[in-house]
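Subject: A structure for you to look at

Hi there,

Here is the structure I promised to pass on. Please open it next to this email and follow along as you read.

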Amino acid sequence: MSEVLHRKLFIDGPAGKLESLLWTSAGEPPVLAAVVCHPHPLFSGTMHNKVVYQVAKALHLRGISVLRFNFRGAGLSEGTHDQGRGERDDVRAALDYMAEQYLKSELLLAGFSFGSWVGLRVGCGDSRVSDLIGLGLPVDRSDLSYLEECAKPKLFIQGGNDQFGSRENMERLFAVLPEPKKLMIVEGADHFFTGQLEKVASAINEWLDLRHPHASQNPTQG
């Protein structure tokens, strides 16, 4: 049983070092190891975003080891913003790191907003990733058609009043995606789930109860 650690580190990325935070858990090896991707860095998005933090916390409370990182050019990460192209390579670098650290664990990829658009594309194509979580998908302004070929288990959490991903467009996309899939609309919530982040955590827990019941909730985890 290893000690629970919250550790700051820099991982090697294709454009330089990527500033990261790793939360490890007791009871290793964990059933799952997760990477969580943050919203748009040109609009103040970092790994410290409240939605990203809430997702990481919900996963970690279930004994899942979680890596958050800043995309190139965000925070202390090296490199410059690349409109989502190079950022896909940043996601791959984060997955590489977790795969090396957790050889016996399946990988989960989660992303919020820009992080969902970039991250889910990588997760769909990476055989090491078993589970996908997308939050606040920017379906009004971004091409997410790649999801139509993604047969991996997918959870989507969307605010009912999301100003970058309307309910109508999200439901239209969801309808043509392959199973297994689940869509949770948080009624009345905006893009950032303001005041309703507990519902985000609940949706993740309900989904994981079905997908990975052995990754059970443990409120004593740090």
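This is a predicted model: local features need pLDDT of at least 70, side-chain atom pairs count only at pLDDT 80 or more; totals for chains, interfaces and linings use all residues.

Residues are numbered from 1 along each chain as its sequence is written, and side-chain values use heavy atoms, with hydrogens and water left out.

**Salt bridges**

Side chains of opposite charge can pair when their charged atoms come close. A salt bridge here is a side-chain nitrogen of Lys or Arg within 4 Å of a carboxyl oxygen of Asp or Glu. Searching the whole structure gives ten of them.

One of these links Glu187 to Arg167, with the closest N and O atoms 2.6 Å apart. Glu187 sits in the loop between β8 (181–186) and α5 (197–211), and Arg167 in helix α4 (residues 167–175), so this pair ties together parts that are 20 residues apart in sequence. (Helices, H or I with at least four residues, and strands, E with at least two, are DSSP runs numbered from the N terminus.)

Another joins Glu206 and Lys182, whose closest N and O atoms are 3.9 Å apart. Since Glu206 belongs to helix α5 and Lys182 to strand β8, the pair ties together parts that are 24 residues apart in sequence. Glu206 is partly exposed at 47% relative accessible area, and Lys182 is partly exposed at 29%. (Buried means under 20% relative accessible area, exposed over 50%, and partly exposed in between, using a 1.4 Å probe and protein chains only.)

There is also a network: salt bridges that share partners join Asp96, Asp126 and Arg128. Within it, the closest N and O atoms of Asp126 and Arg128 are 2.8 Å apart. Asp126 is buried at 12% relative accessibility, whereas Arg128 is partly exposed at 32%.

Most residues other than glycine have a negative phi, and most peptide bonds are trans. Now look at Glu179 and Pro180: a cis peptide bond joins them, with omega about -5 degrees. Pro180 is in the loop between α4 and β8.

Which residues other than glycine have a positive phi? Gln83 is one, with phi near 55 degrees, in the loop between β4 (65–69) and α2 (85–101). Phe193 is another, at about 55 degrees, in the loop between β8 and α5. Gln83 is partly exposed at 46%, but Phe193 is buried at 0%.

Enjoy exploring!
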